[in-house]
Amino acid sequence: MQRFEPGAIIDGFELVEKLPSGGMAELWRATSQQFDFPLVLKFPFLDPGGDVSVILGFEMEELILKRLSGPHVPRFAASGSLARIPYIAMEFVAGRSLAGVIRDAPQAPDEVARIGAEIAKALAALHRQKVVHLDLKPENVILAERAAVLLDFGLARHAELPDLLGAESSVPMGSAAYISPEQVLGERGDPASDLFALGCILYKLATGEEPFGRPATFAGMKRRLYHAPKAPREINGAIPRWLEAIILRCMEVDRSDRYVDAAHVLSDLRNPDQVVVTRRHRVGHTGAWAAIRNLFRKPDDKSLVGRSKSSKLEAGPSIVLAAVDLANGSDALASEVLNETAHVLASREDSWLACVTVLKTEIIGDAPTADESGRSAYLKRLVALKDWARPLHLPEDRISYHVLEAVSPADAILNYAEHNDVGHIVVGARASSAIRRHLGSVSTKVVARALCSVSVVRLKAIEEQKR
Amino acid sequence: MRIAILSDVHANREAFDVVLEAARERGTDQLVLLGDLVGYGPDPVYVVEKAADLVDQGALCIMGNHDEAVALNRGDMTENARVASRWTRERLAPVHVDFLARLPLSLQSEDRLYVHASAERPGKWLYIRDVDAADRCLSSSKSRFIFCGHTHIPALYYALPGRRPIYFKPLDNVAVPFSILSRHLVIVGAVGQPRDGNPAACFALVDTERHEVSMIRVPYDHEETARKIAAFGLPAWLGMRLKIGR
């Protein structure tokens, strides 16, 4: 095996110092004239005659990293050929490793939710790029200033690339503490697997314990299909019910009972007051009767983990934001916004709706809810918002209500949409007027700056208005 | 270098023209015609003459089973194929038949082997429809890349040393990387008679610098081709299948 020294130059990269490295690769800080960001070089341990899956993992990581972009992954710089010196040169991401943070678990619930939301956001961005990480664990998450950054795509799967690694191995690939039940059964490629791992990370952050320990055997890993871990609140009574509900929903054995996607986890972690905690919990089959029944019932492992829902994800947006102006009550435009919202929601039966209305404040820092009359205005608007959405007849775990207080409605809507990974905004537009043309309307600004699709709803103009 | 690989044109002038145009637009350095220029379709003379021109300009061209059937006047095929083959033979002049008869069964270019059906006994026209057939094809050659057609359904097989090949269904117009570790069997979809449910003409574009292959899909006027098939009294199913891509 090749030995590297500080100062060595490889394809124009100068090695600076060796970083703490894992069992699969050696990591070096490096510099190069060609790149204007800090660099790290990853050299896989490739022994002649060694395990071919190490080389495949290296090759897949290079192929996948090359195809990824955005703040949640290290930037790809270059790679060295297998025939000479194989390496992947990528951005060095400075920040706190989640592995360090998790050593101080249990953490305060707000902190757990904050970190969880950061990771959920990174997962949403990754899954949108058709990649499933499949080895999400604290060591692979850097909490950088810009965002949570995911590392190590050596076990990852890209939906548009062949899974050379999966076909290679019949043993489950992943980390024993965080691997999902379907991965244990050899399935690779479902984004829901990353949500399971996220649930395990949140569990550990909130309780200080790993839900399944670190079983060393296949049978040990498989136990998670049949035995639910202790409920988080049994370990730490300070964990609020909403956080426990989020964690357990991520960790459902049956994937179809987990969150539909990372954006939904993000939304729940950011809006604890909207989490439905009365969801049925997975009840461990305990007691003598259940034990006897289980003796005679030989459950099929595949049926326990349910079916993948990922094919649905392309059908439409997973979170829809409907922005409705109720300042003058529910008018014709508001009901037209409702109609359009119903159309957008219909593309997917599992989409969520965030109903947003803005309570305008005159100056920054003037919170209308600060006094009694302000609070009553807020509550009145919330009631109106719920009444507006009522004809949609959505179950409570698919809808949330948000009365935002802001100087600029457009900024409030945009900010909410970006924070909650909204996939589609529906917003109304008033008929054109001199003042609107001068100041710019809410909808114009939303359309110009939104990071997702926007439907603008306008009432069909009546002839005489046009003149 | 960019290599455009066209298989199973099957005398479909409309599809052939749009695919050649698409290959030109993408800056192709090398053109390969992977067999079955004729059979099924209504424009054998046009396609053979065009292919002969392309070969004069440096294109590679190999023989397919329909080319052989026309050249040798053989009839051991399905009913529709036999009818079309006999009809084709009647339309072609001796010079066209001679061109088909002289095509080689396979060609090697650097580390790439081109063969219409399978590298396993090329003249037997075996179909590669599963991993076992792919395995036998791959073990019949040492080439890093084998390109076949014949099934009219695009597919990719990755062969790691000492292991069963791994199947991958390439997506339309999305580049798939070759593996540094693998040998590869690329089954190119059909230009003139796609059978994977997508009626758009298909050809493979290989980029040797980027180490990847794409199955490029090009829609064409299949109604015109079907109209000619009907006008010449060829079996109706041959026109219908162009519309549905089966």
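Both faces of strand β12 of chain A are covered: Ile319(A), Leu321(A) and Ala323(A) on one side, Val320(A) and Ala322(A) on the other, are all buried. A residue counts as buried if 20 or more other C-beta atoms, placed from the backbone, lie within 10 Å of its own. Because five of the five residues of β12(A) (319-323) are buried, the strand is largely enclosed by the rest of the structure. Strands are DSSP runs of E of at least two residues and helices runs of H or I of at least four, numbered from the N terminus.

The model is predicted: local features need pLDDT of at least 70 and side-chain atom pairs pLDDT 80 or more, while totals for chains, interfaces and linings use all residues. Residues are numbered from 1 along each chain as its sequence is written, and chains are lettered from A and ligands numbered from 1 in the order in which they are written.

Strands pair if DSSP finds at least two bridges between them. Five bridges join β12(A) to the parallel strand β13 (352-360) of chain A, with Ala322(A) opposite Cys355(A). Four bridges join β12(A) to β15 (424-428) of chain A, also parallel, and here Val320(A) stands opposite His424(A).

Elsewhere in chain A, an open sheet of six strands has the order β1-β2-β3-β4-β6-β5, with antiparallel pairing. Its edge strands, β1 (9-10) and β5 (76-80) of chain A, each pair on one side only. Four bridges join β5(A) to the antiparallel β6 (87-91) of chain A, where Ala89(A) is the bridge partner of Ala78(A).

Conventions: Buried ≥ 20, exposed ≤ 12 C-beta atoms within 10 Å, placed from the backbone.
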